[in-house]
Amino acid sequence: MRAYKVGASVVAVAVVLGAIGAPAGARRRHAPLDGEGVGLELIANIEYAGGTDMEFITTKGRDYALTGAAPGVGGAEAGAMRIIDVTDPEKPFLAATLECSLYQMDIQVSHDQKTAIMAADSAGGPDACLGVGLRGFMTVDISNPLKPKPAGFADIANGSHNTTAHPKKPFVYNSSSGENPGVIDIWSIKNPKKPELVGSYTNLPSAPHDISFSDDGKMAVVAGGGKNIEILDTTDPSAPTLLTKSVCAGCSLAHDGKFTPDGTHVIIGDEAAGGGTFPCPGGALYFYELNRTPPVPVLVPIGIYEPEEVVFAAEGQTAPASCTSHVMDVSPDGTHLAVSWYSAGTRYLDITNMTGVTIGANGNGVKEVGWFIPEGGDSWSSKFYKGPYIYSNDILRGFDVFKISD
């Protein structure tokens, strides 16, 4: 996650607007649908500042994006979770807003899609709802996504840079990033109103930065900051054990590891400079085969991707700026990857062959089949959800929708 640092004094400057905000009928602003790209078409936007992470749910026949925005990010005075109806991706609209201002506002959703988790690694100000003066994560009742309600708070002394919800069971793994070296706190949200610390895992030489589970929940990949990578056996999510550890040899800051859906490969991003100014093409993506042949599983490096030197969108684009891989998402069939690249926009990759080195569209492994740099954009997270669409939560633009046109 981006290395902004915000304390309670900054958060407190935001106007206290109350817990539940703008209904669907409220006036919405839209950033220009302009920029440069190939293979992706920018088709919709809901404008706000401070965009960070996002997740998706489907309930009662409708699809929703839950997007985070954090105070101090992209000029935002206050943070919020917005619930955006994407049932028709080409005509998204704001369905509800939870105006609880937390930083960094990493968003997760529980396995049953009834609880959202919002992370805070800085003490909350007066508009932080249940997180006033606290660090950790807040649970939110989203059983009715049109009326999200703060439910409980996990008070964590070292804060939550981000959290990871288990895909099958009511557990949350906490990543403290720069603090509490080597420790992953494990929380139960069986009762979302009273999150309970049920265990911990200690092994990394550095603090966990990001954690992702395999689709079946039986493994987790930990990007430990620096160059460290660990694969954990999470068959019992309350008591993980080490399967294998490695280093990302080319990384400056190992970030946002992801499994392929079949669990055979792992992808690690390099958030070089931690979200600070870094020249394009920036920190690469590194591809590994997870060889689970007994007696010891091994991560075998097989490929690298980074974009070509990019041309900045003429109007509104910031340069020099941060230009590295950040939050990514593997398609459900395991054939494609969407990844935010900060000022270099959103990248869309064919990963059916991960072996080799690829620079932009040139290479013998991963294929760059699409990209888009929106006017004035700085993408934090890019993800798939149903159909030929990629969604971006942008630091400066808010919520962008891209249609895949290849």
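Biologist: What is the torsion about the S-S bond of C100 and C129, and which hand does it give the disulfide?

Modeller: The general idea is that a disulfide is a covalent bond between the sulfur atoms of two cysteines; in practice, a pair of cysteine sulfur atoms within 2.5 Å is taken as one. For C100 and C129 the torsion about the S-S bond is about -85°, so this disulfide is left-handed. It ties together parts that are 29 residues apart in sequence, since C100 lies in the loop between strand 6 and strand 7 (104-109), while C129 lies in the loop between strand 8 (115-120) and strand 9 (136-141). The sulfur atoms of C100 and C129 are 2.1 Å apart.

Biologist: Before we go on, what kind of model is this, and how are its residues numbered?

Modeller: This is a predicted model, in which local features need pLDDT of at least 70 and side-chain atom pairs count only at pLDDT 80 or more, whereas totals for chains, interfaces and linings use all residues. Residues are numbered from 1 along each chain as its sequence is written, and side-chain values use heavy atoms, with hydrogens and water left out.

Biologist: How many disulfides does a search of the whole structure find, and what pattern do they follow?

Modeller: The search finds three disulfides, and, when the bonded cysteines are counted along the chain, their pattern is 1-2, 3-4, 5-6. One of them joins C248 to C251, with the sulfur atoms 2.0 Å apart; its S-S torsion is about 55°, so it is right-handed. Another is formed by C280 and C323, whose sulfur atoms are 2.1 Å apart, and here the torsion is about 100°, so this disulfide too is right-handed.

Biologist: Are C280 and C323 buried or exposed?

Modeller: To read such words, take buried as under 20% relative accessible area, exposed as over 50%, and partly exposed as in between, with a 1.4 Å probe and protein chains only. By that reading C280 and C323 are both buried, as are C248 and C251.

Biologist: How many salt bridges are found, and where are the two residues E90 and K403?

Modeller: A salt bridge here means a side-chain nitrogen of Lys or Arg within 4 Å of a carboxyl oxygen of Asp or Glu, and the search of the whole structure finds nine of them. In one of these, the side chains of E90 and K403 meet at 3.1 Å, N to O. This pair links distant parts of the chain, 313 residues apart, with E90 in the loop between strand 5 (80-85) and strand 6 (93-98) and K403 in strand 31 (residues 398-404). Strands (E, at least two) and helices (H or I, at least four residues) are DSSP runs, numbered from the N terminus.

Another salt bridge is formed by E230 and K245, whose closest N and O atoms are 3.6 Å apart. E230 lies in strand 17 (residues 228-233) and K245 in strand 18 (residues 241-247), so the pair ties together parts 15 residues apart in sequence. E230 counts as buried at 1% relative accessibility, while K245 is partly exposed at 45%. D53, E55 and K383 are linked in a network of salt bridges.

Biologist: What surrounds R397?

Modeller: R397, in the loop between strand 30 (389-394) and strand 31, is buried, with a relative accessible area of 2%. It forms a salt bridge with D400, the closest N and O atoms being 2.8 Å apart. Contact means heavy atoms within 4.5 Å, and, leaving aside neighbours within four places in sequence, the residues in contact with R397 include A31, P32, Y48 and E375. The backbone oxygen of E375 lies 2.9 Å from a polar atom of the R397 side chain.

Biologist: Finally, in what order do the strands of the open sheet of four strands come?

Modeller: Strands of a sheet pair through backbone hydrogen bonds, either parallel or antiparallel, and two strands are said to pair if DSSP finds at least two bridges between them. In this open sheet the order is 7-8-9-10, with antiparallel pairing, and strand 7 and strand 10 (149-155) are the edge strands, each pairing on one side only. Six bridges join strand 8 to strand 9, and M118 has M138 of strand 9 as its bridge partner.

Conventions
A polar contact is a pair of N or O atoms within 3.5 Å; within protein, one must be able to donate a hydrogen and the other to accept it, and residues adjacent in sequence count only if both atoms are side-chain atoms.
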